[in-house]
Amino acid sequence: MQRHQPPFRADVVGSFLRPDAIKNARQQFAQGEITAQQLRSVEDDAIRHVVEEQCACGLHVVTDGEFRRAWWHFDFFDGLEGVERYDSDKGIQFNGVQTKAHGVRVTGKLRFGDHPMLNDFRYLKSISGSAQPKMTIPSPSVLHFRGGRKDIDAIVYPQLDAYFDDLATTWRDAIHAFYAAGCRYLQLDDTVWAYLCSDDQRRQIRERGDDPDELARIYARVLNKALEGKPEDLTVGLHVCRGNFRSTWISEGGYEPVAEVLFGSVNVDAFFLEYDNDRSGDFAPLRFVRPGKQQVVLGLITTKNGELEHPEGVKARIAEAAKYVDINQICLSPQCGFASTEEGNSLTPEQQWDKVRLVTHIAEQVW
């Protein structure tokens with residue numbers, strides 16, 4: 001029951017707490033005290049160290065901790081052709097706290113182009129040793145959802161059908177470009193599917209003139225078109241997140257409203273699913289996961305605080321999930337990254353690594 005290909009029985013979502021060296025270097029760069037190359041050198045050293053830490057915890061997969069990014073998504077969008085970042089009126093509202101006030105809009109034809117994160121992955125691959133390097137990027141639906149029609153230039157895209165076609169093509173080109181750079185494990189991070197599970201978010205979607213169920217079908221089509229022609233030896237996972245900023249969240253609600261469309265029709269190789277608290281609902285929606293190859297990576301270990309889960313409790317929840325999907329299709333990970341933005345969550349680096357070691361420890365015992 002061990003897995004020698006991704007996703008692994010013990011896996012991670014991707015981001016880790018930024019070390020002080022990176023925080024200080026970013027501040028120095030912003031003030032013009034160091035060059036971009038000097039900043040990158042500091043990042044290189046920190047990434048090398050976080051790769052070593054992941055391996056020391058017993059993981060067979062490593063990420064760069066998203067150390068070169070301020071945000072899990074905006075930095076990737078910045079590198080796309082046809083996308084422009086802007087200062088918005090207000091930040092994204094989490095439970096009791098707002099992010100910095102940024103947004104993105106589509107001002108030209110969408111294209112992947114020569115994206116700077118290709119070199120970020122190449123560096124990760126060069127230092128990963130025998131571990132599997134994983135690249136994380138936002139899912140295509142994230143670019144559309146928050147702004148919707150108002151953040152898409154109506155002259156460039158008078159009809160949204162053409163926009164969604166280009167959105168899928170852009171991500172398909174991204175998938176193939178990362179593959180050409182040596183990537184064999186790619187993760188798409190997606191908050192939108194979780195919003196479509198939330199009664200409050202679904203109400204807001206209808207108030208702005210969209211149908212949440214129709215959006216689910218559109219996003220499924222976009223993802224599947226992006227995945228067309230995916231190389232057989234490339235694993236693509238989809239991480240569904242309810243929001244993760246300074247240990248707070250946005251949406252709540254189980255997966256049932258989207259389960260049949262998401263699990264039953266989206267052709268990714270793995271679903272990374274948050275299941276760390278009551279806001280995630282029960283495991284019954286997993287009955288829609290197709291038997292066979294697709295894996296479900298259960299995020300049963302929270303990254304929002306440093307308190308360690310009891311191993312026996314986690315094992316019991318894995319057994320509960322196995323009533324709905326074959327245990328051979330189940331893996332284990334933290335529920336999200338530890339720092340979806342550069343601010344990071346409310347726990348210490350030591351607690352972060354204790355959480356990762358707990359994942360590998362439990363996975364060894366279960367599988």
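Modeller: A charge sits over a ring if NZ of Lys or CZ of Arg is within 6 Å of the ring centre and within 35 degrees of the ring normal. By that criterion, arginine 184 lies over the face of tyrosine 179, at 3.6 Å from the ring centre. Arginine 105 likewise lies over the face of tyrosine 86, at 4.2 Å from the ring centre. Please keep in mind that this is a predicted model, in which local features need pLDDT of at least 70 and side-chain atom pairs count only at pLDDT 80 or more, while totals for chains, interfaces and linings use all residues. Residues are numbered from 1 along each chain as its sequence is written, and side-chain values use heavy atoms, with hydrogens and water left out.

Colleague: How many aromatic pairs does the structure hold?

Modeller: A pair of aromatic rings is described by the distance of the centres and the angle of the planes. Rings of Phe, Tyr and Trp (its six-membered ring) pair if their centres lie within 6.5 Å; planes under 30 degrees apart count as stacked, over 60 as edge-to-face and the rest as tilted. The structure holds 15 such pairs. One of them joins phenylalanine 76 and tryptophan 171, and it is tilted, with 5.7 Å centre to centre and 55 degrees between the planes. This pair links distant parts of the chain, as phenylalanine 76 belongs to helix 3 (residues 74-78) and tryptophan 171 to helix 6, 95 residues apart. Helices (H or I, at least four residues) and strands (E, at least two) are DSSP runs, numbered from the N terminus. One aromatic cluster is formed by Phe76, Phe77, Phe112, Trp171 and Phe178.

Colleague: Is phenylalanine 76 buried or exposed?

Modeller: Buried means under 20% relative accessible area, exposed over 50%, and partly exposed in between (1.4 Å probe, protein chains only). Phenylalanine 76 counts as buried, at 0% relative accessibility. Tryptophan 171 also counts as buried, at 1%.

Colleague: Which residues of the largest nonpolar core touch the most other members?

Modeller: A nonpolar core is a set of buried Ala, Val, Leu, Ile, Met, Phe, Trp, Tyr and Cys residues joined through side-chain atoms within 4.5 Å. Of the 112 residues in the largest one, Phe77, Leu143, Trp171, Phe178, Leu186, Trp193 and Leu286 touch the most other members. Helix 6 (residues 160-180) gives the most to this core, with nine residues. Contact means heavy atoms within 4.5 Å. Not counting residues up to four places away in sequence, phenylalanine 77 touches Val83, Val104, Pro138, Val142, Leu143 and Trp171.

Colleague: Which residues of helix 10 are buried, and where do they lie around the helix axis?

Modeller: An α-helix has 3.6 residues a turn, so residues three or four places apart point the same way. In helix 10 (residues 256-265), the buried residues are Val258, Ala259, Leu262 and Phe263. Seen down the axis, the buried residues of helix 10 fall within an arc of 125 degrees, so they line one face of the helix. The arc is that of the directions from the helix axis to the C-beta atoms. Their cover includes helix 7 (192-195), strand 7 (235-240) and strand 8 (270-274).

Colleague: How many disulfides are there?

Modeller: A disulfide is a pair of cysteine sulfur atoms within 2.5 Å. By this rule the count is zero. Cysteine 183 is in no disulfide, and the nearest cysteine sulfur, that of cysteine 55, is 16 Å away. Cysteine 183 counts as buried, at 1% relative accessibility.
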